[in-house]
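Notebook open, structure loaded. I'll jot down what I look up as I go.

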Protein chains: 2
Amino acid sequence: MTTGDDAAVEPVRDYFMGLQDRIVDALEAIDGQARFRREQFDAPEGGTARPRVLADGQHVEKAAVQFTHSVGAKLPPAATATRPELAERPFQATAISMIVHPRNPYAPTTHMNLRYFHVDMPQEPFWYFGGGFDLTPYYGFEDDARHWHATARSACPDAATYHRLKAACDEYFYLPHRKECRGIGGLFFDDWRQGGFGASFGFVRAVGDAFLDAYVPILQRRVPTPYGERERQWQLVRRGRYAEFNLVWDRGTKYGLQSGRRIESVLASMPPLCAWAYDHHPEPGSPEDKLLTAFLPPRDWLA
Amino acid sequence: MTTGDDAAVEPVRDYFMGLQDRIVDALEAIDGQARFRREQFDAPEGGTARPRVLADGQHVEKAAVQFTHSVGAKLPPAATATRPELAERPFQATAISMIVHPRNPYAPTTHMNLRYFHVDMPQEPFWYFGGGFDLTPYYGFEDDARHWHATARSACPDAATYHRLKAACDEYFYLPHRKECRGIGGLFFDDWRQGGFGASFGFVRAVGDAFLDAYVPILQRRVPTPYGERERQWQLVRRGRYAEFNLVWDRGTKYGLQSGRRIESVLASMPPLCAWAYDHHPEPGSPEDKLLTAFLPPRDWLA
């Protein structure tokens with residue numbers, strides 16, 4: 001440890017590690033066959049990465065649930081360009097980042113991320129939380145969308161906060177070159193210090209706990225649905241959009257690709273299989289078309 | 001037409017259109033079943049796009065052979081930042097851009113692009129050519145690599161030019177985040193005005209003509225090779241690298257995604273199907289491993 005204020009970092013780190021365990025257990029239970037590959041990489045200067053990846057399950061085609069805790073002796077100049085007072089200070093960062101690509105096209109892909117950044121300072125530490133979760137269905141179900149957003153709402157201190165973070169999520173997970181949202185959104189927040197450390201950490205725990213309540217029932221409900229080649233092909237094309245978002249627009253992936261971080265961890269979220277079909281448009285009025293016209297354009301799912 | 005000097009643009013445009021026809025005919029003949037979808041989009045201000053895409057052939061899983069001719073009343077400010085003398089001048093640009101994704105994993109993917117940019121100026125026009133071609137095998141064959149590069153060499157005026165453009169190709173088609181070349185390279189050039197218009201256009205025609213001589217024999221030789229699930233899986237994983245290069249690093253794709261050009265044309269080069277497998281490494285000494293160790297690291301194939 002190179003920072004003194006472990007009183008703040010330790011409980012966050014422990015919560016993220018515990019959440020990783022709970023998510024891994026829940027996904028293995030749902031899959032019923034495949035197991036996560038469990039790895040651990042300890043950095044010589046302190047810090048740990050715990051990537052866990054499941055591949056080729058009967059229901060979970062691929063899932064990556066990654067925990068990281070980074071410890072640095074001093075912040076790099078690029079990280080402090082807009083905050084010169086942080087320059088060369090020791091820092092810690094800890095995060096959980098996860099994605100699920102179900103096999104069944106009726107079950108949605110999901111992504112969740114929570115992170116905490118902490119810099120010890122002479123007076124008081126500088127810190128913030130960030131994160132959120134979002135859902136990417138291939139076929140739209142009103143029940144799923146309402147349940148997803150109601151659970152997201154329940155993690156927020158009030159309705160105004162939910163609507164603000166929901167709007168931020170719609171804005172972030174957007175493909176400008178397609179003029180299309182990646183999915184039906186959820187919550188997205190950054191630079192979060194609202195109410196001080198205790199209140200902020202409480203909010204982050206509420207989001208983390210809500211994630212499983214939001215996703216598991218949807219996944220359980222959709223994996224038994226029969227499907228055929230048509231649904232599979234649509235899922236593969238839509239996963240291509242997911243790959244486009246991650247590689248072209250996602251700030252975390254872009255940073256990871258440019259920073260020389262372990263590439264298999266950076267790209268663990270990529271779809272296991274995806275397709276690009278030239279000028280592919282679903283038939284108007286079809287369930288595939290309904291995803292594009294009735295689910296992806298931002299909507300108030302709690303109205 | 002908004003520029004006066006059609007004497008320069010017309011023969012280039014006609015050569016590119018003719019080359020598009022020749023490539024389309026050659027690929028349809030090799031496939032023997034599938035046909036290219038032929039489209040034409042004429043811009044109201046002049047200029048034409050002729051996308052031609054083939055999907056789901058017996059041998060060609062996907063191919064895109066695109067011709068474009070753009071006519072503009074004045075260059076946008078971003079295009080003339082480093083050349084203020086060109087600001088607000090009328091311009092023309094014409095290009096052929098193509099990619100082939102064969103179905104058989106023993107047959108390599110290829111990419112070729114040739115382009116001409118022309119600005120009328122009070123004294124004499126400003127212009128340049130750019131382009132090249134490169135090969136992306138999934139399994140390495142020394143014969144193929146030597147034939148490919150010998151044909152590339154034959155398009156160049158001398159050995160020094162070949163080696164320079166071959167080095168530029170290796171440098172351009174490189175994935176920094178993987179520390180890996182996309183394929184075994186070929187030729188790459190830009191801002192090409194060497195010897196004046198006549199000599200430059202002659203060189204570009206030599207490159208265009210050489211492309212078919214370089215690729216067709218390799219494709220014909222490899223498509224009958226029997227293959228199974230192992231080779232297909234490797235091809236899909238390697239195609240994921242191709243997608244990474246195009247979406248993350250390729251300047252043309254990046255420009256296309258940000259400029260609002262027709263997205264289906266910009267992404268027509270994307271693989272029809274590709275995979276991301278976590279931490280996937282071929283067995284040392286296997287044919288898959290040999291691609292990585294003996295073919296992708298830049299080599300002098302004519303030595």
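I checked B:Asn113 first: in this predicted model B:Asn113 counts as buried because its relative accessibility is 13% (buried is under 20% relative accessible area, exposed over 50%, partly exposed in between, with a 1.4 Å probe and protein chains only). B:Asn113 sits in strand S6 of chain B, residues 109-119 (strands are DSSP runs of E, at least two residues; helices are runs of H or I, at least four; both are numbered from the N terminus).

Bookkeeping: residues count from 1 along each chain as its sequence is written, with chains lettered from A and ligands numbered from 1 in the order written. Local features need pLDDT of at least 70, side-chain atom pairs count only at pLDDT 80 or more, totals for chains, interfaces and linings use all residues, and side-chain values use heavy atoms, leaving out hydrogens and water.

What does the side chain of B:Asn113 make a polar contact with? I found the side chain of B:Arg115, at 2.3 Å (a polar contact is a pair of N or O atoms within 3.5 Å; within protein, one must be able to donate a hydrogen and the other to accept it, and residues adjacent in sequence count only if both atoms are side-chain atoms). I also noted a polar atom of the B:Asn113 side chain 3.3 Å from the backbone oxygen of B:Ile96. Leaving aside residues up to four places away in sequence, B:Asn113 touches B:Ile96, B:Ser97, B:Gly130, B:Gly131 and B:Gly132 (contact means heavy atoms within 4.5 Å).

Next I looked at helix H8 of chain B, residues 287-295, where B:Glu288, B:Asp289, B:Leu291 and B:Phe295 are buried. The buried residues of H8(B) pack against helix H2 (142-155) and helix H5 (229-249) of chain B.
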